[in-house]
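Here's a quick briefing to read with the model open in your viewer. Have a look around first, then work through the notes by topic.

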Amino acid sequence: MKRSGGPHASRSLALIAMLGFTIHAAGEEQGQQLDAATRAAERFDLTDATIPAWRDHILPTHAERAWERIEWLPSFTAGLRRADEVNRPLLLWVMNGHPLGCT
Amino acid sequence: MGAECRFFQALANVGHYRDPDGTRQGIYVCAPSGRLLASINSLDPEAVCRTLDAGLAAWEKLPAAQRRLPADFAGRAETRWESRAPRDGLILESTNRDLTGARLPLERGDRWNRDHAWFSRAEARAWLPAESAPGAAHELPTELTNRLARFHLVDNVRGQTLPFARADVTGSRIVVRVVERRPERIELAIEGQTRAASSAAWDMPTGIWTPEPRHPRGIATRLRGRAVYDPQQAEFTEFELVALGQRWGFSDTNARRHEPEPGLIGFVFRLAPPGAAQFVTPAFIDVYDADWAQRP
């Protein structure tokens with residue numbers, strides 16, 4: 001049976017206290033970052049008049065969307081069936097994770 | 001595992017990555033029969049082109065008898081997340097991009113990314129104020145604001161990232177106001193802000209995205225946009241929402257590890273174009289806070 005108290009208990013309490021302080025400090029720093037980010041967001045020139053320009057700036061250009069001109073099929077099975085119908089090889093593009101949020 | 005998966009596994013086992021426990025990502029050229037013709041995983045476009053040429057050459061040499069899809073090919077049988085797409089709801093396409101300043105014109109960064117945000121029919125209707133007279137306004141239900149803040153206003157410009165836990169989102173609010181009302185259209189103005197900062201309060205233990213290890217990260221945005229709802233068809237016919245803000249920190253795979261300092265970021269949400277692509281699921285659909293988003 002473990003004894004309560006003693007030097008081990010003191011060390012554990014000290015570690016817990018340190019951990020608590022570290023988490024508190026990290027939380028405080030995160031709060032400061034969040035407030036700074038909020039102020040930065042408020043500085044954007046975002047009005048009804050500027051929405052179209054921001055939209056056009058953020059959306060992909062025609063060149064950036066070149067890959068969309070390929071008639072991609074949504075599944076491997078659909079690709080195999082189409083390739084078989086037209087007697088052509090199949091190009092399969094495989095990514096880990098989410099296909100729209102890939103690395 | 002479905003027949004489609006086994007079919008892919010068989011060809012990947014003879015491709016460029018053969019570790020059964022490792023990644024299989026890359027580009028494959030194969031015959032409908034399942035025979036692998038060429039494969040590669042490379043960021044070098046010339047190397048990819050050479051692989052495609054090699055695949056085509058191998059196809060030309062392949063006897064006709066070895067080209068065809070097996071007659072007993074069962075294909076896909078298992079239900080996937082795509083089946084949960086709210087076809088009668090609201091499907092938004094989101095695009096995000098790094099920004100170099102807070103005022104246009106700006107030099108355009110070359111990194112951008114996409115996702116989809118899904119809302120059920122009832123959730124789509126919840127964007128509208130109960131009163132539809134011009135000037136009527138309401139606050140978007142918290143769960144919908146939080147869906148945007150936790151799962152969509154995230155920094156995945158350079159690579160996949162993590163969602164935010166419920167407790168990470170504070171002080172977020174989106175207000176929707178009726179601008180104009182006609183029998184066939186209700187025009188809405190949308191304004192708001194979101195704030196999210198990662199903490200130790202991770203609350204998605206069953207999600208496929210688990211932070212290991214955790215890194216401080218966060219984002220604050222300001223949103224503004226407009227939408228048009230057709231009450232007769234019970235659907236949005238226009239939707240455009242811009243969110244601009246600042247993010248900081250990094251997650252395991254979002255490629256900010258060496259640049260965790262604060263940076264500006266922009267998002268556009270708009271109606272997803274028609275076609276199969278809109279049914280590509282939201283990246284964090286498995287942890288969506290919605291009853292209808294049940295794992296298939």
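How many aromatic pairs are there over all chains? The count comes to 13. Keep in mind that this is a predicted model. The notes below start with those rings, then move to a sheet built from both chains, and end with chain B as a whole.

**Aromatic pairs**

- Put together, A:F76, B:F7, B:F8, B:Y28 and B:F73 make up one aromatic cluster.

**Charges over rings**

- B:R67 places its charged end over the ring of B:W59, 4.0 Å from the ring centre.
- Over the face of B:F279 you'll find B:R87, at 4.0 Å from the centre of that ring.

- Which strands form the open sheet, and in what order? There are three, running β1(A)-β1(B)-β2(B), and the pairing is antiparallel.
- The edges are taken by β1 (90-94) of chain A and β2 (36-40) of chain B; each has a single partner strand, so one side of each has no neighbour in the sheet.
- From one strand to the next, the twist averages 15°.
- Five bridges connect β1(A) with strand β1 (residues 26-30) of chain B, in the antiparallel sense.
- Across that pairing, A:L91 is found opposite B:V29 in β1(B).

**Helices against the sheet**

- Helix α1 (residues 3-12) of chain B packs on the sheet and touches β1 of chain A as well as β1 and β2 of chain B. The direction of helix α1 makes about 95° with that of β1(B).
- Helix α2 (residues 45-61) of chain B also lies across β1 of chain A and both β1 and β2 of chain B. At what angle does helix α2 run to β2(B)? The angle is about 175°.

**Chain B as a whole**

- Chain B has four helices and 10 strands, and along the sequence they follow the pattern α-β-β-α-β-β-α-β-α-β-β-β-β-β.
- The C-alpha trace of chain B spans about 70 × 50 × 40 Å along its principal axes.
- Of the 296 residues in chain B, 53% are buried.
- If you take the contacts in chain B between residues at least 6 apart in sequence, 66% of them join residues at least 24 apart.
- The accessible surface of chain B is about 13,700 Å², and carbon and sulfur atoms account for 50% of that surface.

Methods:
Residues are numbered from 1 along each chain as its sequence is written. Chains are lettered from A and ligands numbered from 1 in the order in which they are written. This is a predicted model: local features need pLDDT of at least 70, side-chain atom pairs count only at pLDDT 80 or more; totals for chains, interfaces and linings use all residues. Side-chain values use heavy atoms; hydrogens and water are left out. Two strands pair if DSSP finds at least two bridges between them. Helices (H or I, at least four residues) and strands (E, at least two) are DSSP runs, numbered from the N terminus. Axes are lines fitted to C-alpha atoms, for helices over the stretch in contact, and angles run from 0 to 180 degrees between N-to-C directions. Contact means heavy atoms within 4.5 Å. Rings of Phe, Tyr and Trp (its six-membered ring) pair if their centres lie within 6.5 Å; planes under 30 degrees apart count as stacked, over 60 as edge-to-face and the rest as tilted. A charge sits over a ring if NZ of Lys or CZ of Arg is within 6 Å of the ring centre and within 35 degrees of the ring normal. Buried means under 20% relative accessible area, exposed over 50%, partly exposed in between (1.4 Å probe, protein chains only). Accessible areas come from the Shrake-Rupley method with a 1.4 Å probe; for residues, only the protein chains shown count as cover.
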